[in-house]
Amino acid sequence: METFSQFNPTLLLVAIFTPLIVGLILLAGKTLPRSFSSGFAFLGFALPAAIAVWLFLPSSEAFGSPLKLRFTGPWGFSFGLNGISLPLFAMTAVVGLAAGIKALIQEVENRNAYLGLVLFMLGGTLGVFATDNIIGFYFFHEFALVPTFILTLYWGGEGRRSAAMQMAIYLTVGAMLSLAGILIAMSAAGLSLMDATFEQLFLGLHNPQVSLPTATAAITLFGFGTLASLFPFHSWAAPGYSAAPTPVSMIHAGALKKFGLYGIIIIAAASMNIGHGTVGKWFLICAVANVVIAGLICLAQRDLKQLISWSSVAHMGPIFLGIWVCTSRGVAAGLDAALFLMVAHGLSCAALFLLANAVRTRTGTYRFDELGGLAKHTPILAACFVAATMASVGLPGFGNFWGEIGVFLSLKGESLWLQALVASTVVISAVYSLRAVANVFFGPPSKEITERFSFAPFKDLSGAERLATFILLGASLAIGFAPHLITRHTNEDAQGLAKLSKLTQANSPHSTPSAR
Amino acid sequence: MISLLSTIDVAFKALAPQRADWASILPEICVAGLALFCLIQAMVLPKSLRWLIPSTARTGIVLVLVMCLVSGTAWNPHEGALTNFAGLLQISDVTVGFRITFLLCAFLTSLLATPFLQERKATITDYHHVLLVITAAFMLLAQSNHFVTLFVSLETAAVGLYILVGYLRLSGASLEAGVKYLVAGGLSSAFLLMGMVLVYGSLGAPGVDSLNFDQVASAIHAGKTTALTMTGIALILGGIAFKLGSFPFHAWIPDVYQGAPTPTTALLATASKAAGAFTLFLLVTGPFQPLDFRIAPLLAGAAVITLLVGNLGALASTDIKRTLALSGVSHAGFILAAMAAILVSGQNGDYDRHLLSIYLIAYTVGTYLVAQVLVFLPSTEDHRRPLPSLKGLLRRSPILTSALGFGISSLAGVPPSIGFFAKLLILILLAQVKLWWVFGVALLSVSISIHYYFAILREAVIRPSQEAQEVQPISVPLSAQFIIGALIVVTLLGGLLFG
């Protein structure tokens, strides 16, 4: 297997740069024939997925676990995967493939430019998880956001005007805050700023002589938190996803948003002690608010896409809680479950966006009061939607189950009210999800649907739509039935982080009175 | 040419006891010669061949640019800085960067001015003549080592800019802007001159040239400063702050930038601001260096207020040119912040000295990209550019939209543009020298700026809701397309190279 480890870095670069290069060619080639651009774009979507899955599966066990590659790419950015980023990288590529299939079957104006920009977004998102250079990490994130805005503004749906502005401001402020935190930390650790890696930052900040300004942890946490829709900086997310074209919502809510969480884990949690003291207390409060308040907002939604967007905000709550419990109490299972949920949520949420749009293209609406009884006309769509909803709610068999149950179990040492509050959200989540399914697919067919169907009968899920759905749900089922696929990568890092957190606690008992 | 110059050189040396290396200012001489050549062409050429004039001007600028680039520091054979003309000028590797910036500005302004003036039926020759004189003056300004050279070259450029601001004689807005600029500029010159007099008077001693930067520095170093000297220094810095457009001397900027013809606005925003920045840099690291412990907090304070004033002002503006003018104020704030950080750090870093050049090049490229859009975007009045005039730009002209997109992104500091890396380098430096409050305000202002920059971009990109509207494509000449492409490449590659 020696040859693979030399081959691998190239593969990683190919996975990132194929979508970028294909995207660039499609953007430049406005008049490329349709069949060529479709095939070419598919290559850009499929190749990263193939490479990522190959890296992720047990066949690459030879590298040891967690997988570690590191090499310096062009312009001094170094690329590498660690136990935390590899599952996210693979998830991004899979979501990207499904989103790409969706983008290919959409009929849009300036199709080549549209596909090119989606590819750009995917390439940037892959870069986020594949670089271990801190500035590179930040760079790729912004690089992926720019096409997101253009796609939302030009190809987006209702409310894109204000949603895009809101998103731009929130995301820039969040990115700026996190950048400030990172820069303060890097200069405190005395690192060379342009080419410092996560590992160097980690080692630098754990040097006992280095002291960080107290506000750094808060700035970094809430900066990254804004990008991952942490309460109270979440209000950009739902309108943003709703207004964006479906492939963009899929990649953004499913994969790109995980940038914020990944940043919290690998920078803030790993070396800034965010679980303790005042910061830790507020982190907990905001995470719980995220679960409860976003859940309640979901209950009030009367629009399918809005509901999915808000539920994607609500599902960040357990992830934050998992990170919190690991950094604050040293429970490794919390982080393990949070990482599991990050991957699983990416898959299930992308599937929901995909299927909701399938409903919309057939019925012309997302509104619950105009939908109903769709299962009669489109049984396969209904079955897939039910399955995706089950995945999202956390039914055993799907990946989300391990994530959610893991987070709840890791909270077992906490106070009863916290456990009760978090457990209640499972019920809330089941209520709004199942009610949505009932509203859209079951019950008597609505007047609008019957009229529309008799006027122009619509077909069930097409082959391409089925393929995209099966890729996402299949991946979710795969990790649901074989959770070690994820945990074998994440375990070591989660345990290391938990140990570290316990150590910090033992070393400085005076710093944690308020969290107790 | 060189042999002729060396003859003059020999003759001059025979007359003056001090060293005078004429060859070292060959680029400036060439640019000034080019300015005269424009006038000669206008006299000699028949009307049908007048179109040659801007082209020869641009070709000349490119040749001088190549001369500067190729020779690099060849004008500076000695290690370190070379003092020339009895201490009037000082040439170092940094001034080479300054020269290149000014030449680039002149080249790009000429490209903007040609179609702009043709459309408005204004004479092109005079514009180019004045433009070249201004450029030569700015190039000399960046090398001045003496308050007399500084003042003379600054005034030469200022007089030229008064003309160019009020160039559209039939436009009330242009003339109004010209008058406003004249008044504001006159005031700033008065500040500057008064300051020089005070410094000269308080530091002067018999037999010493107290307007020479080195002499001023050594006098301040020797502790000869009095309250009068400090007042003088404050006045000088104030006079320069006018050019840079920093608080509290920024009030003229919105009106003048908005009223001036767009190519002149671009020149004011880039070359003139750069000249202010370079001069300030020369002063605070040169003659006033011994006082840096006092000047650095002053600059940092001015930076903070300038950043806030510029950004908050731009937030409220609905006119594109005015927004860009006020955002230019906030860029001046960034430049001041960088300078404060450089002073605090004691110029030890590798890139500190070139930080200003990088930032200004990024800002220049971004500004010219946006100016290209304004020049080709049809409008009845040049000084009225409401945001909705950009509506549907993506359909009307993808090339102009990408110019706007990359330009705005670079100005706003979105990765991977050169503007992002320029801002990042300044932020890193601010973090390194632990100027946390400036750092915080800089971050805040970047966040604020996203709102108005993004509003411009949104207007151009968003799909118009009324599909029925007839789309009129905007035709952009091939040469402009080429320049836009080149500037975009600089925006991207510059970013990646610095990264």
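Residues are numbered from 1 along each chain as its sequence is written, while chains are lettered from A and ligands numbered from 1 in the order in which they are written. Because this is a predicted model, local features need pLDDT of at least 70 and side-chain atom pairs count only at pLDDT 80 or more, whereas totals for chains, interfaces and linings use all residues.

## Confidence

The predictor gives the complex an ipTM of 0.73 and a pTM of 0.81. For single residues there is pLDDT, the predictor's confidence in each residue, from 0 to 100. Chain A has a mean pLDDT of 82, with 92% of its residues at 70 or more. Two stretches of chain A need some care. Residues 61–68 stay under 50, and the model has 17 contacts beyond four places in sequence for them. Residues 509–516 are also below 50, with 13 contacts beyond near neighbours in sequence. Here two residues are in contact if their C-beta atoms, placed from the backbone, lie within 7 Å. Where pLDDT is low, the predicted coordinates should not be read in detail.

Chain B averages a pLDDT of 84, and 89% of its residues score at least 70. In chain B, confidence is lowest in helix H1 (residues 2–15), at a mean of 61, and highest in helix H6 (residues 147–165), at 92.

## The two chains

Helices (H or I, at least four residues) and strands (E, at least two) are DSSP runs, numbered from the N terminus. A residue is buried if 20 or more other C-beta atoms lie within 10 Å of its own, exposed if 12 or fewer, and partly exposed in between, with C-beta atoms placed from the backbone.

The C-alpha atoms of chain A fill a box of roughly 75 × 55 × 45 Å along the principal axes.

## Where the chains meet

At the interface, 21 residues of chain B are in contact with 23 residues of chain A. On the chain B side, helix H17 (418–432) and helix H18 (436–461) each supply at least two residues. The largest share, 8 residues, comes from H18(B). This side of chain B divides into 14 nonpolar, 5 polar and 2 charged residues, where Ala, Val, Leu, Ile, Met, Phe, Trp, Tyr, Cys and Pro count as nonpolar, Asp, Glu, Lys and Arg as charged, and the others, Gly among them, as polar.

## The nonpolar core

A nonpolar core is a set of buried Ala, Val, Leu, Ile, Met, Phe, Trp, Tyr and Cys residues joined through C-beta atoms within 7 Å. The largest one has 377 residues, and those with the most contacts inside it include A:Ala98, B:Ala338 and B:Tyr359. H15(A) gives the largest share of this core, 22 residues. Beyond its neighbours within four places in sequence, B:Ala338 is in contact with B:Leu355, B:Leu356, B:Tyr359, B:Ile426 and B:Leu429.

## A closer look at chain A

A:Leu347 lies in helix H15 of chain A. With 31 other C-beta atoms within 10 Å, A:Leu347 is buried. Outside four places in sequence, its contacts include A:Met91, A:Val94, A:Gly399 and A:Leu472.

Helix H16 (residues 379–393) of chain A has 15 residues and reaches 21 Å from its first C-alpha to its last. Since 11 of its 15 residues are buried, H16(A) is largely enclosed by the rest of the structure. Its buried residues pack against helices H13, H15, H17, H18 and H20 of chain A. Just after H16(A), A:Gly394 takes a positive phi of about 100 degrees.

A:Phe40, in helix H2 (residues 34–56) of chain A, counts as partly exposed, with 17 C-beta neighbours inside 10 Å. Leaving aside neighbours within four places in sequence, A:Phe40 is in contact with A:Val22 and A:Leu26.

Note on methods:
Expected span 1.5 Å × (residues − 1).
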